[in-house]
Amino acid sequence: MNRRRSPRRTRHSGALLGAAVCAAALLAGGSTRADTGPRPADATAATAPAPSARNACGTPSPGHPSCMAVVRTSGPAGPALTTTSPAGYGPADLQAAYRLASAAKGGTGQTIGIVDAFDDPNAEADLAVYRHQYGLPPCTEANGCFHKVNQRGAATPLPSPDSGWALEESLDVQMASAICPNCHILLVEADDNQEESLGASVDTAAKLHANAISNSYGEPEYVGVAHMEGHFDHPGIAITASSGDSGLGVGYPAASAHVIAVGGTTLWPADNARGWQETAWWGAGSGCSTQIAKPAWQTDKVCTHRTVADVAAVADPFTGVAVYDTYGVGGWVTVGGTSASSPIIAAVYALAGNAATVNAAAYPYAHRTRLFDVMSGTNASCYPAYLCTAGRGYDGPTGLGTPNGTDAF
């Protein structure tokens, strides 16, 4: 892309960052920065708020992705990490916000694959508590609804446990449950967080007949990352990937031409016809890839390569979702990040039941009027503005918009 038209951003110091710096900074700030909840539509991201949420996993580096879960650690009333009862949106909230009335009966026969690194020893037990809390039917190994395997598809041996990734896994399987209670859940645990291990796990989820596969992790885009593309090239399977939690900047696998890149929003109840309001979340990743060719179905004019994101869902930890986790944090927590939005969108695809005809993100682009268009909010100051600021039609942080039922999926 011509240098004069490269996206630029202003954050903290106000320095203009080049594309390479933006890519390297995709997630690096996620462990210390946080949102402060819903803000006015004309707010900017020029000054980050005081830290009150943290990334569950470490800082990523090329070849070593990090999970995208952002856990809320304090709020207006002071410190509040774990609670004894749910704090955050539950299944009924999310189904109402995205008009997913079909959740009660849809999804039968569909399997949502969840790919993460390391083991969550309590994944099944924590899922049982979550589903019981919200009146969802049991989903267990015993009844065939839940299945956990290693990256080779075997039940043993499982990888070593990791508390940060365990919280990520709890978030992922519980969001899949929230959107599609009747779907089966396949949790594939990579040996570690090396990109090849996670890529092999995506291949395993595909081989085990997942209809949709969620990837709530990312690494900074780097020269040569395209060698990973084969792991995400599974026609007939809806593969989602988190766009990132540090604002303007592109990471991988969100930049893959074979995935649905999922951005993030701030979501809260509102007195309007929909009953909910959404703006772009300032942490949602967006921008122009420098490594992946532009897919035929993506038509924005400025990025000569792949543009991130495609669609979005709630990701702001201060309008976050309720998650139950006893290995990572020890109870109910409120979690956000595009780690939440990726499994939500994967589950919407499963609920729609059309994955067999999926060609990456082509279907939403052909049915964009069937989405909620997010028209305000920003993740940076940049040129051209649509790469970092939500507006009518396509924009970087929220893509084409958020689910309005399943018709766009």
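Colleague: Why is Cys183 called buried?

Modeller: Cys183 has a relative accessible area of 1%, and buried means under 20% relative accessible area, with exposed over 50% and partly exposed in between (1.4 Å probe, protein chains only); Cys183 is therefore buried. This is a predicted model, in which local features need pLDDT of at least 70, side-chain atom pairs count only at pLDDT 80 or more, and totals for chains, interfaces and linings use all residues. Residues are numbered from 1 along each chain as its sequence is written, and side-chain values use heavy atoms, leaving out hydrogens and water.

Colleague: What makes Cys180 and Cys183 a disulfide?

Modeller: Their S to S distance is 2.1 Å, and a disulfide is a pair of cysteine sulfur atoms within 2.5 Å, so the pair qualifies. Cys180 also counts as buried, at 1% relative accessibility.

Colleague: Why is the disulfide of Cys180 and Cys183 called right-handed?

Modeller: The torsion about its S-S bond is about 65°, so the disulfide is right-handed.

Colleague: What is the handedness of the disulfide of Cys288 and Cys303?

Modeller: With a torsion of about -65° about the S-S bond, that disulfide is left-handed. Cys288 lies in strand E15 (residues 287-293) and Cys303 in the loop between E15 and strand E16 (305-308), so the pair ties together parts that are 15 residues apart in sequence; strands (E, at least two residues) and helices (H or I, at least four) are DSSP runs, numbered from the N terminus.

Colleague: How many disulfides does a search of the whole structure find?

Modeller: The search finds 5 disulfides, including that of Cys139 and Cys145, with sulfur atoms 1.9 Å apart.
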